[in-house]
Amino acid sequence: MPETAKSPDGRAWWTRADLGFRHGQLELSGRVLAELHRAAGGPLHVLSWPRVRAKLAALRGSLEAAGLDARILYAMKANRLEPLLTALALEDGCGIDACSPGEVALARACGFAPEAISVTLCAPSDADLRALLAHAGLWINCDGLGVLERVGRLSPGRAVGLRVNPGIGLGYGDNPALDYAGGRTTKFGVLPEQIETACAIARRHRLAITTLHVHAGCGYLNDQLDRLDQLVAAVLDLGGALEAPLERINIGGGLGVPLTPGDRPLELSAWAAVLAQRLAGRGLRLEVEPGAYLVQDAGVLVLQAVGSDWRGGRRVVYLDGGFNLAPEPAFYGLPCQPVRCRALEPDEPLYTTDVAGNINEALDLWASQQPLPEIRDGESVALLNVGAYGAAMASDHCRRGAFSHWLLTARSAS
């Protein structure tokens, strides 16, 4: 394996205390992934609750250390596994970011009170709005002028949030597909030139816009913290144009995790310091909506090797699950790290390898030109960093959508 793929102590770059090889087998949170895979009898999404909980605690700790009045709202669209949501509902101070009536209903069923749920609506119908407004205490952020108008018509006199698009975006690797508020106009948010109209709509329906929300992007790391600073400053400027006193700033999610050997983990203390520098002394509450940050590197997809071939001078290994089981690598070009669940033997050769799925589409490629050992037919292969937007976005394309989804606790899988 190339030196760039290893940490200073010689381990693979992705290895950490709860993820690595022990007694020759790949383990996550103390569980042997190949054994779990055999027990599942097919494609298996595995999510580590200890990892999620540790990251939640680290995020909360960084906000508290920076002196921020903050609330964490888990973005459940990233992974809506019910045992995960039930566990999060028991964590003090953790709420939910939802984006549909169905997500609200699931959050409620898993133990979240309406007051712990914030909904940001994207293209809702009147039926959607009526279903949400039936939950007293639920917070609603309006994504556009039309949504604001309809909320005002259906529920005049309430306090609401407004999602804005200040024209500053950020995302993993400057990937334009992950930049939701930058140079290109996206479907998200009220533009700066529309704020005056938004205030007129609010006035007409006696709405108080007390929260500004922004959905800037996905997967940003340390090199984009300066852009985060610019983003928060721009949102605060827009808040100055509102007629009701601004009470909260919601910066959405978008915090990233390392996906390649060259990535470094997001420094939460530096991240929180950027926010504190802009928000200190303003009397505003901060809301953060981490989804992928909490679950992405806590989840793996374990598949079986079902064959191999040689094409263009490199080996192609085929797995029994395709991009429909974890669409982000195909949809957004995000890196995906395949790992054979059996440890590398001393002096075992590596081959330049493509890892492909079983879907009849050319984009069904998990990884390209990876230095990997021989992967025998029938062996288990773990695809790392697919805990977010994997199982939650899965489809039955080509009727190959069957999988199991397990949450690992300290003692068992369920």
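## Salt bridge between R285 and D69

In this predicted model, the side chains of R285 and D69 form a salt bridge with an N to O distance of 3.5 Å; a salt bridge is a side-chain nitrogen of Lys or Arg within 4 Å of a carboxyl oxygen of Asp or Glu. R285 belongs to strand β12 (residues 285-288) and D69 to the loop between α2 and β5 (70-75), so the pair ties together parts that are 216 residues apart in sequence. Helices (H or I, at least four residues) and strands (E, at least two) are DSSP runs, numbered from the N terminus. Both partners are partly exposed, R285 at 31% relative accessibility and D69 at 45%. Buried here means under 20% relative accessible area, exposed means over 50%, and partly exposed lies in between (1.4 Å probe, protein chains only).

Residues are numbered from 1 along each chain as its sequence is written, and side-chain values use heavy atoms, with hydrogens and water left out. Because the model is predicted, local features need pLDDT of at least 70 and side-chain atom pairs count only at pLDDT 80 or more, while totals for chains, interfaces and linings use all residues.

## Other salt bridges

The whole structure contains 18 salt bridges. Side chains of opposite charge can pair when their charged atoms come close. One of these pairs is D297 with K55, at 3.2 Å from N to O. D297 sits in the loop between α10 (292-295) and β13 (299-311), whereas K55 is in helix α2 (residues 49-65); the pair links distant parts of the chain, 242 residues apart. R51, K55 and D297 are linked in a network of salt bridges.

A further salt bridge joins the side chains of E243 and R203, with an N to O distance of 2.4 Å. E243 is placed in the loop between α8 (225-239) and β11 (248-250) and R203 in helix α7 (residues 195-204), so this bridge ties together parts that are 40 residues apart in sequence. E243 is exposed, at 51% relative accessible area, while R203 is partly exposed, at 49%.

## Helix α2

Helix α2 comprises 17 residues and reaches 24 Å from its first C-alpha to its last, close to the 24 Å expected at 1.5 Å a residue. That expected span is 1.5 Å times one less than the number of residues in the helix. Its N-terminal end is capped by S48, a side-chain oxygen of which lies 3.2 Å from the backbone nitrogen of R51. After α2 comes G67, which has a positive phi, near 75°.

The buried residues of α2 are W49, V52, K55, L56, L59, S62 and L63. Seen down the helix axis, these buried residues fall within an arc of 160°, so they line one face of α2; the arc is that of the directions from the helix axis to the C-beta atoms. An α-helix has 3.6 residues a turn, so residues three or four places apart point the same way. E64 and A65, on the other side of α2, are exposed.

β15 pairs with strand β18 (residues 380-384) in the antiparallel sense over 4 bridges; two strands pair if DSSP finds at least two bridges between them. Within this pairing, R340 stands opposite V381 in β18.

## Surroundings of T120

T120 is part of strand β7 (residues 117-121) and is buried, with a relative accessible area of 3%. Its side chain makes a polar contact of 3.2 Å with the side chain of N141. A polar contact is a pair of N or O atoms within 3.5 Å; within protein, one must be able to donate a hydrogen and the other to accept it, and residues adjacent in sequence count only if both atoms are side-chain atoms.

Leaving aside neighbours within four places in sequence, T120 is in contact (heavy atoms within 4.5 Å) with D97, A98, C99, N141, R163, H213 and E289.

Y389 has a positive phi, near 55°, although Y389 is a residue other than glycine. Y389 is located in the loop between β18 and β19 (404-408) and is buried, at 13% relative accessible area.

C398, also a residue other than glycine, has a positive phi near 60°. C398 lies in the loop between β18 and β19 and is partly exposed, with a relative accessible area of 40%.
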